[in-house]
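Here are my notebook entries from an afternoon with one structure. Keep it open beside you and look along with me.

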Amino acid sequence: MKTNEKTAPILAEKDRNAVSLELMNRMKLHGMVAAFTESLSSTFAEAATPDSFLSWLLSREWTTARKRPYKGSYAWLRSVTRPIRKR
């Protein structure tokens, strides 16, 4: 850790991609982690528009989340995959 007499300690800034991956892992967005990691090693992200890239990340998360067993989280997923019951 570097310091000088005029400022607080200077910490090395993490790579933004690493921060994003860490946050996605903490939020248990494993499909998005896999897709984002894949995009870092390919040219897809450079060719995609921001909205199409986001759509691709979300679709990968959706596909991965539907394959996971339901454990109480993802209540929103359970509600949208069940047919609506009429009362």
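**Entry 1: salt bridges**

How many salt bridges does the structure hold? I looked it up and found one. I counted a salt bridge when a side-chain nitrogen of Lys or Arg is within 4 Å of a carboxyl oxygen of Asp or Glu. The partners are Glu-38 and Arg-60, whose side chains meet at 3.0 Å, N to O. This pair links distant parts of the chain, with Glu-38 in helix 2 and Arg-60 in helix 4 (residues 50-67), 22 residues apart.

Before going on, I noted that this is a predicted model: local features need pLDDT of at least 70, side-chain atom pairs count only at pLDDT 80 or more, and totals for chains, interfaces and linings use all residues. Residues are numbered from 1 along each chain as its sequence is written, and side-chain values use heavy atoms, with hydrogens and water left out.

I then checked how open the two partners are. Glu-38 is partly exposed, because its relative accessibility is 39%. Arg-60 also counts as partly exposed, at 26%. My cut-offs were under 20% relative accessible area for buried, over 50% for exposed, and partly exposed in between (1.4 Å probe, protein chains only).

**Entry 2: the whole chain**

I listed the elements next and got five helices and zero strands. From the N terminus on they run α-α-α-α-α. Helices (H or I, at least four residues) and strands (E, at least two) are DSSP runs, numbered from the N terminus. Of the 87 residues in the chain, 20% are buried.

Helix 2 brings residues including His-30, Ala-34 and Glu-38, while helix 4 brings, among them, Trp-56, Arg-60 and Thr-64.

**Entry 3: the buried residues of helix 2**

Which residues of helix 2 are buried? I found Gly-31, Met-32, Val-33, Ala-35, Phe-36 and Ser-39. They pack against helix 1, helix 3 (44-47) and helix 4.

Ser-39 counts as buried because its relative accessible area is 5%. Leaving aside neighbours within four places in sequence, Ser-39 is in contact with Ala-45, Phe-53 and Trp-56.

Asn-17 is found in helix 1, and Asn-17 touches Phe-36 and Leu-40, not counting residues up to four places away in sequence. The C-alpha atoms of Asn-17 and Phe-36 are separated by 8.8 Å, although these residues are 19 apart along the chain. Asn-17 is partly exposed, since its relative accessibility is 29%.

Where does Lys-28 lie? I found Lys-28 in the loop between helix 1 (16-26) and helix 2 (30-40). Lys-28 has a positive phi of about 60° although it is not a glycine. Lys-28 is exposed, because its relative accessible area is 52%.

How values were computed. Contact = heavy atoms within 4.5 Å.
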